[in-house]
Structure formats: C-alpha cells, structure tokens
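Dear colleague,

I am passing the structure below on to you, together with an account of what was found in it. Please read the notes alongside the coordinates.

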Amino acid sequence: MKKTLSLILALILALSCIYTSFITSGAAEVKYMVENPAGVALYSSASKSSQIIALVREDTVLTVRETYDVFGKVLFEGYSGWVILSELSTYIEKNPNLVLLEMENPPDKLEYYDNEEFDPAGMLVYASYNNTLKIKVAPTVYIPDMTSAGIKTVKLCYQGHSLSFPITVNELPIDKITLVTMPKTNIVKEGLALDLTGLSFRVDYTDGRESEIISDLNSPSIIITGFKMNTVGAQTIRLTYRYDRFFIEIPVEVIKKELVKIEIKTKPTKLDYYGSEREINLEGMYVTAYYDNFTSAPVFVDEAVCENMQLGKNTVTISYKGKTATYEITLHKLEVLGLRVTPPLKLKYLKSTDSKLDTNGMAIYLEYNSGKKQYITKNYEMAQPDFKRSGPQTVVITHNGYTASFEVMVYPTQYYGDVDFDGVITATDARTLLRASAELVILTYEQATVADVDGSGSVLANDARVTLRMSALLMPVKYVF
C-alpha cells in the first residue's frame, strides 16, 4: 500500500513539472544579444551541470522561444540548447518602428497671459516602438499664437507621429497705464527715427498685483504710432500697451534739417569746350547733398556758372540752396582738322560709255577738333574722271584751301560672251563657248574673265545659249566690270 502511494506521489510530481514547463514554453519569443566578449555557454539542458555543447560568440543575436527557471531555449548554428538569460542583454533593433507617441505628464503650466512664452517644463513624452522599446523623447513643439486670448492647441511631433493638448491664454488684467518719465528729448531732426530713450510708464493691474514700471520699449507688446519723420512741426505720438484701450500720448517736435554741403560725386561728361561754346553742359553729373541729420541725397543743381571763360583751364561753380561746389573745364581754340568726303554710292564706270560722275550718296564736310562736322554743299571744286581712260582714277575735291579725295574705277567697255574681243557679240562667240564647255578648246585667262555669262562660276553650255540669245538681240548684253 505504501509503495502504491509513493508511485502516485512521484507521478503527480512529474506531471507538475511537465505542466510548469508547458506553461513557461508558451511565452512570446524575445530576442537577446550576446555582449560578453568571451561568449556564453550553450547547455544541453536547463541545468548548469549539463553538458556544454557550444560557445555562443559575442554580438550574436539569439531568439528565446522557451524559458525554464533562469534558462532560455535557443537555436545556434544547428544546435538546440539552453543559455542563462542573465548572461544576455535585451536586443534592441537598429531601426525599430515607432508605433505610439504618448504624453505621460503634461507641462506644469497650462494657463498663460497673452504674449507670454510657452513653458514646456514638467512635460514628459514617451515613444513606444515595435520591439517593445519605450523611451523618453523630446518632440518638436508647435506653439500656437500667444498674442490673443482663447483656448489654444499645442502640437507635438516626433518621427511622423503627433499628439496635441490645450492651453488657455488670458488677457493680462490691466487697469490702466500712466506716463512716469518723458524721453530725454522730444525734439527730432527731420528725417531721423524717433528716439524715446528715458521714457517709462506704470502699469496698474486689477487683480491686486503690484504695479509695474516699464522702460524697455522694444517689447512686442508696445506699439508706437503717429510719428511722421519727414513732417516738420509739432506732433502727438501714441504709445499703446498690449491692447488698444491702454495708451498714453506724448508730444514731439520735428525740426527742419539743414543743408551742410554739396559734393560732386561724378563730373559731367562734357569737360572740353571749343571756340565760342559758353553754355555749360551738366549731362552726366551726379551731385550729393549732405544734411545736419547725418543723411544725404542726390540733388539737381540750381545753377552752373563759369565766369570770364578763357582759353585753357576754367572753373565752373555749381550751386544748390546756397551751397556751392566746383570743377574744372578746358576751353580749346576751334580748329579745322581737314576736309573729309564720304564717297558716292557708284564707284565703277565704263570707258567711253559713262561720261559724268554720279554724286548720289556723296557728302563733303569740314571736320573740327571738337568733333563737329560742317557739311559743304556749295563753293567747292571737284574734277571729273577721264572716262576715255580705263583704270583707277582719283577724284579730288577742293574747298577754301582744303582738299579731300576718293577713287573710282573706269573699266574697259567689254561684254560678257565677247570671247574674241571684237566689241560685238556674235554666233561665233557662242560657238567658241560651246566648244569650251565641252573641253574641245582651252580659253585664255582674258577669255575666261568674260566667258561665265550666267554667273554660275563655270563655263557651261548655258553660257553659249545666253550668248547666242544676246547676239540675236533677244536679251540685253551684260557689261564686265
């Protein structure tokens, strides 16, 4: 009987162990990393006294699919065995995916006055990843408009995920504002910015807090209006604090700026004058006026005077609103450089055929050292070319002792196609050209100059055809130049 009871107890104990193992083996798979430089042992069973079947190297990632006591069951290089979990580190994937962004604690401060800066102190935000990792993060904070009252939304963004929460912005409980001290000066030079250094005002509140003296006028809560820097005279400016209903008014005076000097930055283009020229040309001149408010501006002068202009160097005085500046010009004696001619359009003529020079397009002028041109249309002499003589000829023009010239060319009277040079185009010329086009005869250099009748650049049968038509007076002859 006792033996039977012992067997039953042993069976129950064995089933209990199997049940425990079954429960633990159902755990989720977890990845671990071997960080020990010496590696870790892989046991044949979940016992330190069991056989070591392999050494798992450093940086190996192991997947634990089953656990028992302090052991985890893994596969390594074909071996199935057990490792001690405390000798491993939890494996964190290099590029895990963010699955949830959550705020564990909101900021300590959730109520503000307008224009007050948002304060994230106390805010805790965590990011959860698909590898069970959960870490504290510092998201990008998108702050709402804090210049007006109302319920506002603060948005937090991190790696493509976002969340938001509300804050309340209230108006500052101002009762009134009162001027305490005037600026050091309320007199401003025309064109200069307003300087309110020294001005201060007191702010009284309705909630019992202490009054505040404000002297820093660079605050975005302060707006200055009504000042016109370029309007001379008394003005009243308005300083508004936070809301349009809280303001103070300050009298200022803008006094006229005074001209200190003028300066020639760029001299006129014309600095040389000739003969009887006396009118001053200011084209191209750039003048700057300087004022006692440390500003400057380009101006157009009122007057430019050069008294008693003489040959050589002279001084021009310019003036603007009572201020003057000077520059030098030079007066030169006006001199003729010579007679010049622009040749006529026609410069080629035929011997014995043309008899008179064609002056169409010709221009005759005296050129002066000032660059001026005086055109001559009469009282000049011009020799006619000798049209009975071929070759280049010089046409000379004379006026008041000055001369100018141009060349014309008188060509011998010669026709295209007249290859026998008898002065008449005949069927014989056409026959010679036809034979030349068939390379039955060789033309001389002189014949070749009149053989290309149609202007094609070669002697062809068409040249003979055109020559034959000219010999029969079926088309006009063509002169050779």
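This is a predicted model: local features need pLDDT of at least 70, side-chain atom pairs count only at pLDDT 80 or more; totals for chains, interfaces and linings use all residues.

The radius of gyration used here is taken over C-alpha atoms, and the globule rule it is set against is 2.2 Å times the number of residues to the power 0.38. By that rule a compact globule of 481 residues would come out near 23 Å, but the protein has 55 Å. Taken along the principal axes, the box filled by its C-alpha atoms is roughly 165 × 95 × 45 Å.

Residues are numbered from 1 along each chain as its sequence is written, and side-chain values use heavy atoms, with hydrogens and water left out.

The pLDDT, which is the predictor's confidence in each residue on a scale from 0 to 100, averages 88 for the protein, and 93% of the residues score at least 70. Over residues 1–26, however, the pLDDT is below 50, and this stretch has five contacts in the model beyond near neighbours in sequence, a contact meaning heavy atoms within 4.5 Å.

As for the overall make-up, the protein has four helices and 36 strands; these are DSSP runs numbered from the N terminus, with helices being H or I of at least four residues and strands being E of at least two. Of the contacts between residues at least 6 apart in sequence, 50% join residues at least 24 apart. Buried residues make up 32% of the 481, where buried means under 20% relative accessible area, exposed over 50% and partly exposed in between, with a 1.4 Å probe and protein chains only.

T63 belongs to strand β4, residues 61–64, and it counts as buried because its relative accessibility is 18%. Leaving aside residues up to four places away in sequence, T63 touches E29, V30, K31, K73 and V74. T288 is placed in strand β25, residues 286–291, and with a relative accessible area of 7% it is buried as well.

D108 sits in the loop between β9 (98–105) and β10 (111–113), and it counts as exposed because its relative accessibility is 65%. The C-alpha atoms of D108 and A121 are separated by 6.1 Å, although these residues are 13 apart along the chain, and D108 touches both A121 and G122. T185, in the loop between β16 (174–181) and β17 (187–189), is partly exposed at a relative accessible area of 39%, and its C-alpha atom is 7.5 Å from that of L196, which is 11 residues away along the chain.

Finally, there are two backbone angles to check. E77, in the loop between β6 (71–76) and β7 (79–84), has phi near 50°, a positive value in a residue other than glycine, and E77 is exposed, with a relative accessible area of 52%. L473 lies in the segment after α4 (461–471); phi of L473 is near 60°, again positive in a residue other than glycine, and L473 counts as exposed at 74% relative accessibility.
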